[in-house]
Amino acid sequence: MKYVLGVVALSFALFFSACGNGEQSKQTLVVGATPVPASEILEFAKPLLAKQGVDMRVQVFTDYVMPDVALDDKSTDANLYQHKPYMEAQNAQRGFKLVSLAPVYVVPLGFYSKKYTKLEDIPNGADIALPSDSSNLARALILLHDFGVITLKDPSNLASTIESDIVQNPKNLRFQPIEAAALPRALPTLDGAVINANYALQAGMSIKEAFFHENEKSEYVNVLVAREDNQDDDRIIKLKEVLLSKEVADFILEKYKGEILPVGMQQ
């Protein structure tokens with residue numbers, strides 16, 4: 001009889017322990033991010049989210065591809081690092097089912113050079129690097145069009161390419177697509193490059209060094225992203241509310257001094 005009671009008691013203990021672990025697991029949220037500024041913003045948001053009962057773990061990636069791969073295969077629950085056109089391109093190219101939940105901040109794209117101090121000094125036939133992923137490549141071409149460096153067939157086309165859409169290139173610039181994270185390292189060997197501000201910041205560069213750059217009206221706003229199957233998860237909804245809070249907006253303004261701009265703050 002004592003043996004039976006002991007087995008029953010042990011079973012109950014294991015049952016409640018399993019329930020407790022399951023509950024704890026439900027309150028853990030894994031969010032993918034690139035190092036700057038996304039992971040820094042999420043780390044600031046972590047204690048704010050903890051007050052709502054959600055323990056967030058930030059998983060840092062150093063490129064633009066793997067965060068979405070990890071989200072798709074459910075290694076992570078959400079991510080913060082990309083703009084909506086990039087997410088939509090990944091969905092189309094890779095068959096992902098990712099959804100944009102909220103705009104959080106803008107990372108301006110800028111034109112940089114280590115060899116020259118103004119655009120007029122860049123010679124004919126210069127080597128200019130652009131981000132190689134399709135959405136940021138088109139974005140870079142639109143930026144160059146907006147500032148008169150080239151002319152595009154349709155500057156509103158978010159899928160513009162070097163081969164098909166440049167109709168005028170007065171300086172016969174030679175464009176080299178390079179993986180976005182590698183652009184700051186490659187810049188000294190080039191005449192110029194269009195670089196995402198997050199990678200520029202990570203390399204100790206400032207948007208103030210750019211010859212020209214996007215502003216807060218850019219369509220390329222970085223968004224919180226989840227999957228179709230978990231977008232209504234209470235933990236993710238709580239994270240969205242925290243990221244759109246005044247506390248996070250104030251942190252972005254203070255931390256990045258206008259290099260990164262908050263958007264979408266709840267009133």
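1. How many nonpolar, polar and charged residues does the lining of the second largest cavity have? In this predicted model, that lining has nine nonpolar residues, one polar residue and no charged ones. The cavity holds about 30 Å³ of space, and among its ten lining residues Val104, Leu243, Ala249, Pro262 and Val263 lie nearest the centre. Helix H10 (residues 246-256) gives the most to this lining, with three residues.

2. The search of the whole structure finds two cavities of 30 Å³ or more, and the largest cavity has about 80 Å³ of space. The lining of the largest cavity divides into four nonpolar, six polar and one charged residue, and includes Tyr81, Gln82, His83, Asn136 and Arg139. Strand E3 supplies the largest share, three residues, while E3 and helix H5 (134-146) each supply at least two.

3. The largest pocket holds about 230 Å³, and of the 13 residues that line the largest pocket, Ile142, Asp146, Glu214, Ser218 and Glu219 are the closest to its centre. By class, the pocket lining has six nonpolar, three polar and four charged residues.

4. Strand E1 (residues 28-33), of whose six residues five are buried, pairs in the parallel sense with strand E2 (residues 55-60) over six bridges, with threonine 28 having aspartate 55 as its bridge partner in E2. Together with helix H2 (residues 35-50), E1 and E2 make a right-handed β-α-β unit.

5. E1 also runs parallel to strand E3 (residues 78-83), to which three bridges join it, and here glycine 32 stands opposite asparagine 79.

Definitions and conventions. Residues are numbered from 1 along each chain as its sequence is written. This is a predicted model: local features need pLDDT of at least 70, side-chain atom pairs count only at pLDDT 80 or more; totals for chains, interfaces and linings use all residues. Side-chain values use heavy atoms; hydrogens and water are left out. Buried means under 20% relative accessible area, exposed over 50%, partly exposed in between (1.4 Å probe, protein chains only). Helices (H or I, at least four residues) and strands (E, at least two) are DSSP runs, numbered from the N terminus. Two strands pair if DSSP finds at least two bridges between them. A crossover is right-handed if, with the strands pointing away from the viewer, the path from the first strand over the helix to the second runs clockwise. On a 1 Å grid over the protein atoms alone, a cavity is a set of points where a 1.4 Å probe fits but cannot get out, and a pocket is an open set with protein on both sides within 12 Å along at least five of seven lines; lining residues have an atom within 4 Å of a point. Grid points are joined across faces, edges and corners, and a volume is the space filled by probe spheres set on the points. Ala, Val, Leu, Ile, Met, Phe, Trp, Tyr, Cys and Pro count as nonpolar, Asp, Glu, Lys and Arg as charged, and the others, Gly among them, as polar.
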